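Please walk me through this protein structure one part at a time.

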Amino acid sequence: MKTVTVVGASLAGLYAARELRAQGYDGRLVIIGAEPHFPYDRPPLSKDFLANKDFLANKDFLANTDLAADSDFSANKDLAANADEAAAAPLGGAAPGGANAGGAAPGGATRGGAIPGGPTPGGVTRGRPLPGQAPLDETTPDEAPLALTDPDEIAELAADWLLGVHATALDPRGRAVHLDDGRTVVTDGVVVATGASARRLPGPRLAGVHTLRTLDDARALRAELTRGPRGVVVIGGGFIGAETASTCAALGHDVTVVEAAPLPLIPQLGPEMAAFCADLHRHGGVRLLTGTGVAGLRHAAVGGTTGPERVTAVELTDGRLLPADVVVVGIGATPNSGWLTDGALADRDGVRCDGGCVTSLPQVVAVGDVARVGGVRAEHWTSATEQPRVAVRNLLAAHTVETFSALPYFWSDQYGSRIQFAGHRPADATVRIAEGSPDSGSFLALYEQAGQVRAALAVNRPRPFMKVRRRLRAQRSAEPDGTRSARAAP
Ligand SMILES: Cc1cc2nc3c(=O)[nH]c(=O)nc-3n(C[C@H](O)[C@H](O)[C@H](O)COP(=O)(O)OP(=O)(O)OC[C@H]3O[C@@H](n4cnc5c(N)ncnc54)[C@H](O)[C@@H]3O)c2cc1C
C-alpha cells in the first residue's frame with residue numbers, strides 16, 4: 001500500500017496511526033479530523049477537566065483507563081503492581097517503526113504534553129506543527145494533560161494531518177475519500193475511526209443547553225459553570241450524565257438528573273447495581289427523578305425580546321417543571337457513520353465489520369466507537385485503543401488474519417467512587433457481592449450464570465477487580481471464536 005488514510009483524528013485514529021507505523025507500514029499516512037485539535041482524551045472532559053481541577057499533577061484519569069492493569073500492556077511489572085494505586089506515572093508511547101522499548105505495547109500509552117494546536121482548518125500539517133500553530137497549553141495549561149500525543153510523536157508518525165475538515169464520502173471501491181472542502185484523498189487503504197456524536201434534543205439551539213462530547217463542548221459548559229451557583233438539570237442518567245451531575249454537584253451547583261427508565265444504567269449494570277448508582281446520586285446531594293421523560297424546554301429571550309433565546313426550565317412528561325439555568329443533555333451518542341452510508345458499509349448503528357474490524361471491502365477497516373465489530377459496537381475507551389492493533393494487522397494482510405477478542409472493560413468516576421466493569425453481563429445473571437459491601441461504598445460484585453463468573457463490577461476495589469478481570473480474560477481466550485461476539489456488549 002502506498003497511501004493509508006485514517007479518518008477520525010482522535011483516540012482510535014491515533015492508535016491506528018501508531019499501529020500502522022509500529023507494524024512496519026512506511027508509506028504515506030493521511031489523518032483526517034473534523035475537529036481542529038490534534039488528538040485529545042475525552043474521559044477527563046466530564047471529570048477533572050470540567051471541575052477545573054489542576055490535574056496536571058494528578059493524572060488519575062490515566063490510571064482510570066486501567067492501561068496498567070492490562071497484562072497485555074504491562075510488560076512493566078512494577079507498573080502493573082502499582083496500577084490500583086491509581087497513580088501510575090504517564091508512560092511514553094511506542095515509537096513508530098516498531099520501537100517498543102520499555103515494555104510499552106504497540107500503540108503505546110497516553111502521552112502527556114500539549115495538545116498541539118491544529119492547523120488552519122483545511123490545512124495540512126506534516127510532521128511537527130507548523131509555525132503559528134501554538135500548543136494550546138501556552139494559553140490554557142489545564143488542557144495540556146488532555147493531549148494524547150506530542151510534537152515529537154507527531155513528527156515520528158510522519159503523517160499528513162488534515163484537521164478541521166470532514167470526510168463526506170468514500171468512493172464505492174474504497175479508493176478515494178472526499179472532503180467537505182472539495183478535496184479528494186486517493187488512497188489504497190482506509191481506517192474509519194470517526195467515533196460518535198452526542199445526541200441532541202429536537203428543537204432550536206438554546207443558550208444554556210449543552211452536550212458533552214468534545215473539548216469545545218467541555219470548554220463551553222465549564223465556562224457556564226464558573227458563573228456562580230446555578231440550577232443544573234442533567235437529562236439522562238447514563239455514564240456521561242452521571243459524571244457530569246457528580247462534577248456539577250462537587251462545584252456547588254444545585255443539580256437534578258432526569259432519567260426516563262426506572263433506574264439509571266440498568267442496560268449496562270443490571271437492576272441491582274443500577275440501584276447502587278442511583279443511591280450515589282442521592283448521597284451526592286443530587287435529585288434523581290426517574291421514570292419520567294422530557295416534554296420540552298422552556299426558554300426566554302435574554303435581555304428582553306431581541307436577545308438570544310436561553311433555556312429557563314425543563315418540562316417533564318409528567319407535568320413537572322424544573323427551573324434551569326443550565327441543561328446538560330446526556331442522552332447517548334450516535335455513531336458518525338453517515339458519511340459512509342452511500343457505500344453500504346455502514347448504517348445508523350455504525351460501520352459493519354467482521355470480527356477482525358474489516359468491512360466488506362478488505363482495504364477498509366473500522367475501529368473505536370463507530371465500529372460494529374462482529375455485530376457489537378462498544379463505546380469504551382479501552383476498545384478504541386485495543387481494536388486498532390487487530391484492524392491494522394488485517395488491513396496490511398489484505399484479509400482477516402486475526403479477530404478481536406478483548407474482554408469489554410470500562411470505568412466511570414462518580415461522587416468520589418471509581419466504578420470498574422469487565423466482561424459480558426448475561427440478562428439472567430445473578431449478582432453476588434464477593435467482597436466488601438455496597439453500604440460501605442467499596443465492594444466487588446460478580447455476575448454469575450450457571451455457577452460461572454461472566455462479568456465483574458467493582459466500586460473502589462481495584463485490586464481484586466484486576467484479578468477477576470484477568471481471570472475473565474483468560475476464560476474468554478479459551479472460548480471458541482464463535483461463542484464470543486454473539487453475546488450483547490454491556
Ligand atoms: C465526556 C466523555 C467521558 C468519557 N468517559 C469515559 C470513561 O470514563 N471510561 C470509558 O471507558 N470511556 C469513556 N468515554 C468514551 C471514550 O472516550 C470513547 O470510547 C473514545 O473517545 C472513542 O474514541 P474514538 O476515536 O473511537 O471516537 P471519538 O473519540 O469520538 O473520535 C472520533 C473523531 O472523529 C472525528 N470525525 C467524526 N466524523 C468525521 C468525519 N466525517 N471526517 C473526519 N473526522 C470525523 C470526530 O470529530 C472525532 O474527533 C468518555 C467519552 C466522553 C465523551
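**A walk through the model**

An open sheet is formed by three strands in the order 5-6-7, with antiparallel pairing. Helices (H or I, at least four residues) and strands (E, at least two) are DSSP runs, numbered from the N terminus. Two strands pair if DSSP finds at least two bridges between them. Strand 5 (167-170) and strand 7 (184-186) are the edge strands, and each pairs on one side only. On average, neighbouring strands of this sheet are turned by 25 degrees against each other, direction ignored. Axes here are lines fitted to C-alpha atoms, for helices over the stretch in contact, and angles run from 0 to 180 degrees between N-to-C directions. Three bridges join strand 6 (residues 176-179) to strand 7 in the antiparallel sense. Within this part of the chain, Val-177 stands opposite Val-185 in strand 7.

Some background on the model is needed. The model is predicted, local features need pLDDT of at least 70, side-chain atom pairs count only at pLDDT 80 or more, and totals for chains, interfaces and linings use all residues. Residues are numbered from 1 along each chain as its sequence is written.

The protein as a whole has ten helices and 28 strands. Of its 490 residues, 50% are buried. A residue is buried if 20 or more other C-beta atoms lie within 10 Å of its own, exposed if 12 or fewer, and partly exposed in between, with C-beta atoms placed from the backbone. Two residues are in contact if their C-beta atoms, placed from the backbone, lie within 7 Å. Among contacts between residues at least 6 apart in sequence, 63% join residues at least 24 apart.

Next comes the start of the chain. Strand 1 (residues 3-7) pairs with strand 2 in the parallel sense over five bridges. The chain crosses from strand 1 through helix 1 to strand 2, a β-α-β crossover that is right-handed. A crossover is right-handed if, with the strands pointing away from the viewer, the path from the first strand over the helix to the second runs clockwise. Val-4 stands opposite Leu-29 in strand 2. Strand 2 is also joined by five bridges to strand 4 (residues 159-163), and these two run parallel. Leu-162 in strand 4 is the bridge partner of Ile-32. Strand 2 is largely enclosed by the rest of the structure, because five of its six residues are buried.

The ligand is surrounded by 36 residues, and the closest are Gly-8, Ser-10, Ala-12, Gly-195 and Gly-368. The elements that give two or more residues to this shell are helix 1 (11-22), strand 2 (28-33), helix 9 (381-397) and strand 24 (409-414). Sorted by class, the shell has 18 nonpolar, 13 polar and five charged residues. Ala, Val, Leu, Ile, Met, Phe, Trp, Tyr, Cys and Pro count as nonpolar, Asp, Glu, Lys and Arg as charged, and the others, Gly among them, as polar.

Five strands form an open sheet in the order 24-25-28-27-26, and the pairing is antiparallel. Its edge strands are strand 24 and strand 26 (430-437), each of which pairs on one side only. Neighbouring strands of this sheet are turned by 20 degrees against each other on average, direction ignored. Strand 25 (residues 417-423) and strand 28 (residues 452-459) run antiparallel and are joined by five bridges. Ile-419 stands opposite Val-459 in strand 28. Helix 10 (residues 462-478) packs on the sheet and touches strand 24, strand 25, strand 26, strand 27 (442-449) and strand 28. The direction of helix 10 makes about 155 degrees with that of strand 28.

A few loop residues remain. Tyr-415 is in the loop between strand 24 and strand 25. Its phi is near 50 degrees, a positive value in a residue other than glycine. Tyr-415 counts as buried because it has 22 C-beta neighbours inside 10 Å. Leu-265 is in the loop between strand 12 (254-259) and helix 8 (266-283), and its phi is near 65 degrees, also a positive value in a residue other than glycine. Leu-340 lies in the loop between strand 18 (333-335) and strand 19 (346-347). Not counting residues up to four places away in sequence, Leu-340 touches Leu-170, Val-192, Leu-345, Ala-346 and Val-351.

Notes: Near = placed C-beta within 6 Å.
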